Amino acid sequence: MRPLKIALLQIAPEGNLSGNLEKGVRACREAAALGADIALFPEMWSNGYAIYGRPVAEWQAEAVDPDGDFVKAFAHLAAELGMAIGITLLERTQGDPRNSLILFDRFGQRRLTYAKVHTCDFEDERHLTPGDGFSVAELDTACGAVKVGAMICFDRAQPESARILMLKGAELILVPNACPMEINSLAQLRGRACENMLAIATCNYPAGVPDCNGGSSAFDGVMWLPELPESRDTCILQAGRDEGIYIAELDLEQLRAYRRREIFGNAYRRPELYGLLTDAKIEAPFIRSDRRR
């Protein structure tokens with residue numbers, strides 16, 4: 001089996017929906033020409049994550065229908081190119097909008113819709129409706145089926161996000177992002193991949209986009225190989241700051257063999273001892289007084 005090729009579209013927004021649609025289509029075509037099986041956009045591509053420093057009503061009005069023309073354009077494009085596309089958007093709902101990803105397979109069929117669960121309620125994202133769970137879908141690709149889940153940006157800082165996706169069978173987690181990718185954020189992604197024995201591919205905006213610095217990455221989660229005397233670097237791609245399309249090549253056969261023999265993920269967990277993690281009645285430390293939920 002050849003490697004699964006994931007295109008991280010580290011591109012800057014154009015400042016309006018039509019411009020983002022046009023540029024997003026061009027980027028997907030370029031990714032397909034590079035042999036990508038999956039193309040992933042940075043967080044909230046439909047409006048370029050332009051929510052800070054603006055009136056709430058103004059940016060909320062930019063939300064798009066998940067069944068509207070913007071999203072449908074990428075469904076048709078996925079089918080045309082024979083490439084899965086993870087398009088991100090400020091999603092219109094009956095209440096406050098959601099920060100969402102919709103994943104289309106290479107036939108243009110919607111396989112996964114995910115809304116950011118851990119919205120940044122300490123900032124303007126408090127005016128978004130958070131998602132209500134984590135899902136995994138089997139994605140048909142040209143190099144075989146792969147089980148895919150999603151997190152968005154701040155979700156990576158909550159270990160439970162990736163843990164649940166692992167328990168639901170995820171082999172690959174797609175992570176749209178819109179924040180600085182510094183050493184500690186990268187360490188969180190590396191840790192989530194290693195502790196769950198899965199791959200994580202993150203797409204960020206390039207430097208020049210407010211509060212972003214590029215650094216899109218992919219970690220394959222495989223720490224040890226039988227032929228190596230020591231552990232290996234699980235980072236299989238680390239982009240620089242510049243705008244561009246970066247291709248990560250994921251060896252699924254290697255990952256699956258590793259999961260069958262190694263000790264992390266679900267191999268030696270003790271879930272009967274973890275009840276505290278889901279007990280909302282426990283008075284735990286570090287709960288901020290301004291927490292919304």
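I take buried to mean under 20% relative accessible area, exposed to mean over 50%, and partly exposed to mean in between, with a 1.4 Å probe and protein chains only. I note that this is a predicted model, in which local features need pLDDT of at least 70 and side-chain atom pairs count only at pLDDT 80 or more, while totals for chains, interfaces and linings use all residues. Residues are numbered from 1 along each chain as its sequence is written, and side-chain values use heavy atoms, with hydrogens and water left out.

**Entry 1: Cys 203**

I looked up Cys 203 and found it buried, with a relative accessible area of 0%. Cys 203 lies in strand S9; helices (H or I, at least four residues) and strands (E, at least two) are DSSP runs, numbered from the N terminus. I then listed its contacts, where contact means heavy atoms within 4.5 Å. Leaving aside neighbours within four places in sequence, Cys 203 is in contact with residues including Leu 8, Leu 9, Gln 10, Phe 41, Pro 42, Val 175 and Ser 216. I also noted that Cys 203 and Leu 174, 29 residues apart in sequence, are 8.2 Å apart in space, C-alpha to C-alpha.

**Entry 2: helix H6**

Which residues of helix H6 (residues 252-261) are buried? I found Leu 252, Leu 255 and Tyr 258. Seen down the axis of H6, these buried residues fall within an arc of 125 degrees, so they line one face of the helix; the arc is that of the directions from the helix axis to the C-beta atoms. As background, an α-helix has 3.6 residues a turn, so residues three or four places apart point the same way. I recorded that the cover over the buried residues of H6 includes strands S1 (4-10), S7 (144-150), S9 (199-203) and S12 (244-250).

**Entry 3: helices H1 and H3**

I examined helix H1 (residues 17-33) and helix H3 (residues 69-81), which pack at an angle of about 15 degrees with their axes 11 Å apart. That angle makes H1 roughly parallel to H3, a term for angles under 35 degrees, with over 145 counting as roughly antiparallel, 65 to 115 as roughly perpendicular and the rest as oblique. Axes are lines fitted to C-alpha atoms, for helices over the stretch in contact, and angles run from 0 to 180 degrees between N-to-C directions. On the H1 side the contact includes Leu 17, Leu 21, Val 25 and Cys 28, and on the H3 side Phe 70, Phe 74 and Leu 77. The residues of this contact divide into ten nonpolar, one polar and two charged. I count Ala, Val, Leu, Ile, Met, Phe, Trp, Tyr, Cys and Pro as nonpolar, Asp, Glu, Lys and Arg as charged, and the others, Gly among them, as polar.

**Entry 4: helices H4 and H5**

I turned to helix H4 (residues 159-167) and helix H5 (residues 183-196), whose axes come within 10 Å and cross at roughly 35 degrees. Pro 159, Ala 162, Arg 163 and Met 166 of H4 meet Arg 192, Glu 195 and Asn 196 of H5. I recorded three nonpolar, one polar and three charged residues in this contact.

**Entry 5: Leu 167**

Leu 167 is also in helix H4, and at 44% relative accessibility I class Leu 167 as partly exposed. Not counting residues up to four places away in sequence, Leu 167 touches Asn 266 and Arg 269.

**Entry 6: positive phi**

I noted Met 44, which is not a glycine, with a positive phi of about 55 degrees. Met 44 sits in the loop between strand S2 (38-40) and helix H2 (56-60) and is buried at 0% relative accessible area. Cys 153, not a glycine either, has a positive phi of about 45 degrees. Cys 153 is found in the loop between S7 and H4 and is buried, at 5%.
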